[in-house]
Amino acid sequence: MELLLSIEDLRVYFYRPEGVLKAVDGLSYRLYKGEVLGIVGESGSGKSVSVLSILRLLPANGRIVSGSIIFDGKDILNLSREELRDLRGKDIGIVFQDPMSSLNPVITIGQQVMEPLLWHNLCSRSEAYERAKEMLGLVGIPLPEERMKEYPFQFSGGMRQRVMIALALICRPKLLIADEPTTSLDVTIQAQIIRLLKRMKEEFGMSVILITHNLALTTNFCDRLIIMYAGNMMETGRTKDILYNPSHPYTKSLLDAVPDIEVDKELIPIPGTIPNLIDPPSGCRFHPRCPNTMDICKEEAPPLFDIDTDHYSACWLYRRA
Ligand SMILES: Nc1ncnc2c1ncn2[C@@H]1O[C@H](COP(=O)(O)OP(=O)(O)OP(=O)(O)O)[C@@H](O)[C@H]1O
Ligand SMILES: [Mg+2]
C-alpha cells in the first residue's frame, strides 16, 4: 500500500496562564492511500488537536513544538501560505461535529458547495454549479437543484451534515477528516451518516480519518484504530483485533462503556476523570484509573509493545521478561 500521511513524534502544546498544557505528547502513526483510520478516545484526549495540526489550523495559543507531518510527500510544517491554502479544502476535506456553525446562514447551500471549486480555481462557474448539483445528489439530498437555492436553516440536522460532506468532497480530496461527524445527530441518523461516508469512500477512493468517542461507530467502517488517552496513543491495530481482542486496560474499559444491542450487558463507566494535562500523572498517564496498575506504571511511560501483527499496546503488562 502507498503511504499518504506519516506523523512522527508529534507534540502539540497550549500556552495557558496556569502553565503549559501538553495536548498531544509524542504521537506517531501512518495512513495509507484508500485506508480508513479511526481515532478513538474520551473527551480531551487530543483527537481534534492531532488532526487540526495536519491542516495547521491550531488556535493562536497552540504550538506544534516538535515532530514531523508528511502528507503526500510534502512536509506540512514547512509549507508556504499558498501551499497551505491548497491543502485545506482541496487536498484535505474536513467535516466537523456541528454542521450549523460550519455553514454560513446567509449564503445559499448551492453557493456554499460551489465555493471551494471557485476558490481553488478548479473550474468555471457553470461547471461548479453542475458539480455541486451532482455531489448533493450523491450525498443523498433529494431534488438537489431546488435545494441549492435554499439556506441552511431550511435543512434538518442530518441533511446539513450531508451538505457538509458534499462540501468537504467537492474538490475530490486525497484525505477526508471527519471529526465527530455524527455527535450532534439522532442515533438513527448517525448510522446513516456513517453509511454515507462509507459509500463516498468507495466512490472516490480517498483515505479517511474518523474521529469518534463511540467505538460502536467504527466497526463496519474503519480498517484500523488508534486509541488515544490524555495526548498519548494507548493501543493501535486492525479494527477487528482491537474490538475482539483488546489488549490495553483503557481500551477494555472503553469497550465496557459501549452499549451493546445483542447482549443485555451492564455498562461500566470508566472510574475517575481525564487527567489535568498541565500536570499529567507520572509514568503511564492512565495509571490512576487503571485496574491493573503495577509499580513501574507510576514511574515510567510504557513504549508500544508488540501484541500481534500490526497490533501494538502501550502497556507494561506486555513487557517480555
Ligand atoms: N485553544 C485551546 N487552549 C487551551 N487548551 C486547549 C485548546 N484547545 C484544546 N485544548 C486542550 O487540549 C486538550 C485536547 O483537546 P482536543 O480538543 O484535541 O480533545 P478531543 O479528544 O478532540 O476531545 P472532544 O472529544 O471533547 O472533542 C484538552 O485538554 C483541551 O482542553
Ligand atoms: Mg474534539
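Analyst: Two strands pair if DSSP finds at least two bridges between them, and the elements themselves are DSSP runs numbered from the N terminus, helices (H or I) having at least four residues and strands (E) at least two. This is a predicted model, in which local features need pLDDT of at least 70 and side-chain atom pairs pLDDT 80 or more, while totals for chains, interfaces and linings use all residues. Residues are numbered from 1 along each chain as written, chains are lettered from A and ligands numbered from 1 in written order, and side-chain values use heavy atoms, without hydrogens or water.

The sheet is open and has 4 strands, which follow the order β2-β1-β4-β5 with antiparallel pairing. At its edges lie β2 (19-32) and β5 (74-75), each of which pairs on one side only. Strand β1 (residues 3-16) runs antiparallel to β4 (residues 62-71), and 8 bridges join the two; in this pairing, Leu5 stands opposite Phe71 in β4. Helix α1 (residues 47-54) packs on the sheet and touches β1, β2 and β4, where contact means heavy atoms within 4.5 Å. The direction of α1 makes about 115° with that of β1, the axes being lines fitted to C-alpha atoms (for helices over the stretch in contact) and the angle running from 0 to 180 degrees between N-to-C directions.

As for the second largest pocket, β6 (92-95), α4 (109-119) and α7 (157-169) each supply at least two residues of its lining, and α4 gives the largest share, 5 residues.
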